Amino acid sequence: MSLRVLTSTERSAALAKAAAARQVRARLKEALKSGELTVPQVLAQAEDDPAIARLKVSELLESFPGIGRVRSQAIMTQLRIAPSRRVRGLGVHQRKALIDFLEDK
């Protein structure tokens, strides 16, 4: 099944929506990095905001100081979270494990 061709106005609207979502995720990652937000707050915001819900868990982890790409992958493996998992797709036990792990550190 092929995708339908977008009109120029539909295309520009989609591009604007995507740019706005990227800005929301960038602000969120900065707030995590500075300590303004905690993981439980992010998970709560993800319930209402689809842009945050689409954030990859690996990107969420990498926004913390001292956690890079390799360490985030190790954490996700330890917590049994798939590398492609997004915040919206986390199960109850995965959310709790992620919160507990980050609060201990």
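Helices are DSSP runs of H or I, at least four residues in length, numbered from the N terminus. The views below show a predicted model.

**View A. Helix 1 and the residue that follows it.** The 27 residues of helix 1 should span 39 Å at 1.5 Å a residue, and the distance of 39 Å between its end C-alpha atoms agrees with this. A21, R25, L28, A31 and L32 are buried in helix 1. The buried residues of this helix pack against helix 2, helix 3 and helix 4. Just after helix 1, G35 has a positive phi of about 90°.

**View B. The two faces of helix 2.** V39, V42, L43 and A46 are the buried residues of helix 2. They line one face of the helix, because they fall within an arc of 100° when seen down its axis. E47 and D48 are exposed residues carried on the face turned away from that buried side. The buried residues of helix 2 pack against helix 1, helix 3, helix 4 and helix 6.

**View C. The largest nonpolar core, with 26 residues.** The members that touch the most others in this core are V39, V42, V57, L61, L98 and L102. Two or more residues each come from helix 1 (8-34), helix 2 (39-48), helix 3 (50-53), helix 4 (57-62), helix 5 (69-78) and helix 6 (92-104). Apart from neighbours within four places in sequence, V57 is in contact with M76, I81, R85, R86, V87, L90 and L98.

**View D. The salt bridge of E59 and K29.** The side chains of E59 and K29 form a salt bridge with an N to O distance of 3.2 Å. This pair links distant parts of the chain, with E59 in helix 4 and K29 in helix 1, 30 residues apart. E59 counts as partly exposed, at 31% relative accessibility. K29 is also partly exposed, with a relative accessible area of 25%.

**View E. The salt bridge of R95 and E47.** The R95 and E47 side chains meet in a salt bridge at 3.3 Å, N to O. R95 belongs to helix 6 and E47 to helix 2, so the pair ties together parts that are 48 residues apart in sequence. Buried means under 20% relative accessible area, and R95 is therefore buried at 19%. The threshold for exposed is over 50%, so E47 counts as exposed at 57% relative accessibility.

**View F. The salt bridge of K96 and D100 in helix 6.** The side chains of K96 and D100 are joined by a salt bridge of 2.8 Å, N to O. About one helical turn separates K96 and D100, because they are four residues apart in helix 6. K96 is exposed, with a relative accessible area of 51%, whereas D100 is partly exposed, with 31%. The model has four salt bridges by the rule applied.

**View G. The span annotated as a domain, residues 32-99.** An unreviewed UniProt entry annotates residues 32-99 as "domain: Integration host factor-like helix-two turn-helix". In the model, this span is 60% helix and 0% strand. The end C-alpha atoms of residues 32-99 are 13 Å apart.

Key. Residues numbered from 1 in each chain as written. Predicted model: local features only at pLDDT ≥ 70, side-chain atom pairs only at ≥ 80, totals over all residues. Heavy atoms only, no water. Core = buried A, V, L, I, M, F, W, Y, C linked by side-chain atoms within 4.5 Å. Buried < 20%, exposed > 50% of the residue type's maximum accessible area, 1.4 Å probe, protein only. Contact = heavy atoms within 4.5 Å. UniProt positions renumbered as here; feature names shortened; annotations may be inferred. Arc of directions from axis to C-beta. Expected span 1.5 Å × (residues − 1).
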